[in-house]
Amino acid sequence: MMSSPVRTSAPDSSHSLIRISDLSDIQVKSLLELALKLEQSKWSVVAQSGLSEKLSRKVMVEAFFEPSTRTRLSFQMAAQRLGIKVVGCDFENASSLVKGEAESDTLLNLAALNPDVLVVRSKGGEDILTALGKIAVPILNAGFGSVEHPTQALLDLLTLTKYKGEVSGLKILIVGDVPHSRVAASNIQIFQRFGMKVAVCGPDLDNYNSKGVEVFNSLNDGAAWAEVVMGLRIQLERLDPKEKDEFLVTKRANYIKNYRLDPSHLKGLSPNGLIMHPGPFVPGVDFDSELLSDKRCVVHEQVSNGVFIRGALLLRALGLQKELA
Ligand code: NCD
């Protein structure tokens, strides 16, 4: 009998990545090593390992229920580089979600298509977690509400490793809408696990003192402390309509004045420092485009690294990581 893509017994999630804590430190390191191998060999290590034939029979289904440029296209790029086929659609406008189907039911139906790997981005919520728990296909979380974005955390760690070598002791300041950011949520965990010192700067950060994270009220002071500054976008889509109006009418100007990454706020950052942002940034609001020509700015390198990390994660999800060792 064929096994069902929807679980009837205990889940085997060993090749899924839902939360960054699903990975041990050793697993994180070996994913980074594999990503570097893909980069250094320009993907030729895949063919050299005799995997091309196997990969050409694999299908990745992508389920993006929220907008995405970098994450979605870097999964697609990685799949194409590996020779995996990709199936997906514009879920927000052209799937049965428009007819009122729940995202959790859509997910169960995508699993029933029997792909080899399912890449999911969603607004998050208990119903989605319950649905994910029922799916036997390996799942890669491409962003879950404000809760987790583990593949971004891995690509950011890879970027830091490439520029800084050993990251233990490295000081990073995360700036902006930290409480609503799934990037911050996953990144803070992985940075702390690998011995980095993490600080935050932005509105509503009182809770962060208890998480072993330093809180800076002044971006200038934080930038002078940090070796790496990472900006974040304001997640207006996570606010209710009243909060959103309040932000746009009364708080936006203050946010720009205090928390925008721009040359005036980064005067204290050392010449060897790094400027990061997961993207997208809103020009003039959370990031000044002038910074793109600053030698310390690595936002496009983050995007390039994302393709290699997602390639490594696809190989792991398909159970092929060891064959490249
Ligand atoms: C982020 C996301 O979607 O969580 N972007 C990304 O994946 N690179 C950040 C954001 O949307 O602000």
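The questions below go from the ligand to the backbone.

Biologist: What are the ground rules here?
Modeller: This is a predicted model, where local features need pLDDT of at least 70, side-chain atom pairs count only at pLDDT 80 or more, and totals for chains, interfaces and linings use all residues. Numbering starts from 1 along each chain as its sequence is written, and side-chain values use heavy atoms, with hydrogens and water left out.

Biologist: Which polar side-chain atom lies 2.7 Å from an oxygen atom of the ligand?
Modeller: For polar contacts, the rule is a pair of N or O atoms within 3.5 Å. Thr71 places a polar side-chain atom 2.9 Å from a ligand oxygen, and Gln235 places one at 2.8 Å. The 2.7 Å atom belongs to Arg233.

Biologist: How much of the ligand's accessible area does the protein cover?
Modeller: The area comes from the Shrake-Rupley method with a 1.4 Å probe. On its own, the ligand has 320 Å² of accessible area. The protein covers 94%.

Biologist: Where does the ligand sit?
Modeller: A pocket is an open set of points on a 1 Å grid over the protein atoms alone, with protein on both sides within 12 Å along at least five of seven lines. To sit in one, a molecule needs more than half of its atoms within 2 Å of the grid points. The ligand sits in the largest pocket.

Biologist: Which elements give two or more residues to the lining of the largest pocket?
Modeller: Lining residues have an atom within 4 Å of a point. There are 23 of them, and Pro67, Arg121, Arg182, Arg233 and Pro280 lie nearest the centre. Helices are DSSP runs (H or I, at least four residues), numbered from the N terminus. The elements are α4 (70-82) and α9 (182-193).

Biologist: Which element gives the most to the lining of the largest cavity?
Modeller: A cavity is a set of points where a 1.4 Å probe fits but cannot get out. At least two residues each come from α4, α8 (150-164) and α12 (299-317). With four residues, the top contributor is α12.

Biologist: Which peptide bond is cis?
Modeller: Most peptide bonds are trans. Pro280 lies in the loop between β9 (274-276) and α12. With omega near -5 degrees, the cis bond runs from Gly279 to Pro280.

Biologist: Which residue has a positive phi although it is not a glycine?
Modeller: Most residues other than glycine have a negative phi. Look at the loop between α1 (25-40) and α2 (44-48). The residue there with phi of about 75 degrees is Trp43.

Notes. Polar contact = N/O pair within 3.5 Å; in protein donor to acceptor, adjacent residues only side chain to side chain.
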